Amino acid sequence: MLDKVDVLIVGSGASGAAVAWSLADTRMRIVCLEQGDWVKPTDYPSNGRDWEARLFSDFAINPNRRARPTDYPINDANSPIKVVNFNGVGGSTIMYTAHFPRMHPSDFKVRTLDGVADDWPIDYATLEPYFAENDRMMGVSGLAGDPAYPPHQPPMPPLPLGKSGARFGKAMNQLGWHWWPSDSTIATTDYEGRARCINLGHCTPGCAQGAKASTDITYWPHAIRAGVELRTMCRVREVTVDEHGMASGVVYYDAEGKEQFQPAEVVILACNGVGTPRLMLNSVSAKFPDGIANSSGLVGKNLMFHPYALTYGYVDEPLDGNHGPPLCLWSQEFYETDPGRDFVRGYTFQFGRGVGAIMEAIVSANAGRLPWGEDHHGAYRKLVNRRIGLSAICEDLPEEHNRVTLDPDLKDSSGIPAPRLDYTISANSLKMMDHGIARAKEILTAAGASNIAVESPILNGGWHLLGTARMGTDPERSVVNEWGRCHDVKNLFIVDGSIWVTSGGVNPTSTIQALALYIADSIKQRLANLFD
Amino acid sequence: MPNHDLTAEQVRDLRALAGMMIPQSAVYDVPGADDEKIFNDILRSLERDRDDIRRALSHLAAIGGGAFADLEAQRRSEVAAAFREVGGAPLAALVRVVLLCYYRDDRVMRSLGQEARPPFPRGHVVEQGDWSLLDPVRARPPMYRTINTE
């Protein structure tokens, strides 16, 4: 048996890295177990001519397609939206767009304001200092003064508008609608050892240059220097409990596949909204026959994605194509609830810069825009680098039938039962998506686009995995309390997107990390009586 | 030769189909997808799509009643058109691999006016743009809802 540690964190991604760094100043012995490995800068696709091809192989966003030894399979057959993630040091921050909006104040009070779902037990003001701290640690570029948000000051200037951004800006001004340069975790100036972005192209599958902030190059170097131990290639099977019902540690398989038991005083789960409920449901004991900390029966339930409605078209001149980070602008024009619409809550528009040559060919072939034969070449030349598009990222409300369970048959390469998803898009979300598509068509028309097409929902659009171990003050209606501690197990914490009560209509990484920092601070403030 | 697990007949059919999808063009000065260099790249790149492509080629042969590559030109066109209608996911995988390899060939990239190089380390230039476009938005009052906790 390994020596007991003070704090054991499972998962090294957005939230695990943040909580590890924050707790490091306690000088406690902290170990983090990560099922994946470090990704070297030379590993990233943009180093090679085959950079786009690798988006369909070892850097595919869908883990079932990618199927690296470090990935686990997911049965997503009963979901119109497929999970996308990455398993490695940095987790899915390796493979995200770096679009970094915060939740809005209203997102935390949806029951009070709109009469739906539940209010969060915390609010924007509570998280505000942690948003700011996280912006500094991750390195956020953006522009102060956005009327859609309470004032805040990103530490770096925004990403360039580019040709497509300018077109969108003019179109939005013509329509009188809000738009603003996105907060993004892509360095636009030299920042904390990271060089400014030189526009390597679409950086969702990682940044060879290190301009995009993933936690392997932001939080982790600081945390490791401060004494945190990060063990890679360690796949956790279950959280164990002692005779008092407290978490006693975890059983995991090390890089050689050998079973290990790591005892710990405190266990923190940071495995995302699918990985965390999977681990909890796999952690069965006499005390917790339905999975650890699951007396509410809510572990795995209320899964929320953000359904994405993508609308795009083509203009009559070359734009930016794959040059530069894929996203640079957002609009919050339709974010807040409007009683005049037939749905509650709202969505963000995120504006895309364009796509690369191969992606254009494949998407257009699938859509039937690209003929076979002599006409192929002429048709393709009217499409490549001429695409302009935007997505409505829609708030998904919690519904218990949308859930993560354990698949009865599917297992990962270590023999651990894999997750199964059952998910349907709600009527409210569908109306919201239709509204977004209609507005997007108006925007694209104003931007001079034609041949407008729609992909709704984006099939491989399950970036945001939320709600499956929700936060609340009532142990019968929530899994963790207002500072991330499980109601049932007082030394077990959750810091990832599982604890979200509602989803907002924004990319969640900024808020996930602010929450992790807030929970870490809550732990530090209560060290003397943490388990009371 | 790469380990692509295709029979010799399937290799010939795949090459014939690739050339039909994207033929050589003197107008644009580009090779077809059946060009030797591009086609060898295709054969090397089947990997995760290998099974689907085998299924697609079997389906193609079934529709044509034999080797697709051996059909007369008119019959090939008819069979290919029928295959496009019913090929489903296996055909989509086949088309994807052909496009992945075709649109990274140096000659094709140059014909499109694109540099035949990896993105790193030189990167690209994206123009900063005119930020005065934001002036009307800057002038807007706050849009976010405030929470009255009273």
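1. Conventions. Residues are numbered from 1 along each chain as its sequence is written, while chains are lettered from A and ligands numbered from 1 in the order in which they are written. The model is predicted, and local features need pLDDT of at least 70, side-chain atom pairs count only at pLDDT 80 or more, and totals for chains, interfaces and linings use all residues.

2. Helices here are DSSP runs of H or I with at least four residues, and strands are runs of E with at least two, numbered from the N terminus. A residue is buried if 20 or more other C-beta atoms lie within 10 Å of its own, exposed if 12 or fewer, and partly exposed in between, with C-beta atoms placed from the backbone.

3. The chain contact. Two residues are in contact if their C-beta atoms, placed from the backbone, lie within 7 Å. The contact between the chains takes 43 residues from chain B and 56 residues from chain A. On the side of chain B that touches chain A, the elements giving two or more residues are α1 (8-21), α5 and α7 (135-138) of chain B, and the largest share, five residues, comes from α5(B).

4. The six-stranded sheet. An open sheet of six strands in chain A has the order β4-β10-β11-β12-β9-β15, with antiparallel pairing; two strands pair if DSSP finds at least two bridges between them. Strands β4 (180-181) and β15 (450-455) of chain A stand at the edges with a single partner strand each, so one side of each is left without a neighbour in the sheet. Within this sheet, β11 (residues 347-352) and β12 (residues 387-394) of chain A pair in the antiparallel sense over six bridges, and Tyr347(A) stands opposite Cys394(A) in β12(A).

5. The three-stranded sheet. Chain A also has an open sheet in the order β3-β14-β13, where the pairing is mixed. Two bridges join β3(A) to strand β14 (residues 417-422) of chain A, and these two run parallel, with Asn78(A) standing opposite Asp422(A) in β14(A).

6. A helix with two faces. In helix α2 (residues 36-44) of chain B, the buried residues are Ile38(B), Phe39(B), Asp41(B) and Ile42(B). Seen down the axis of α2(B), they fall within an arc of 155° (taken from the directions from the helix axis to the C-beta atoms), so they line one face of the helix. These buried residues pack against α1 and α5 of chain B, whereas the face turned away from them carries the exposed residues Glu36(B) and Lys37(B).

7. Backbone details to check. The peptide bond from Ser456(A) to Pro457(A) is cis, with omega near -5°, and the bond from Phe120(B) to Pro121(B) is cis, with omega near 10°. Asn272(A) has a positive phi of about 80° although it is not a glycine, and with 27 C-beta neighbours inside 10 Å it counts as buried. Asp29(B) has a positive phi of about 55°, again without being a glycine, but with 11 C-beta neighbours inside 10 Å Asp29(B) counts as exposed.
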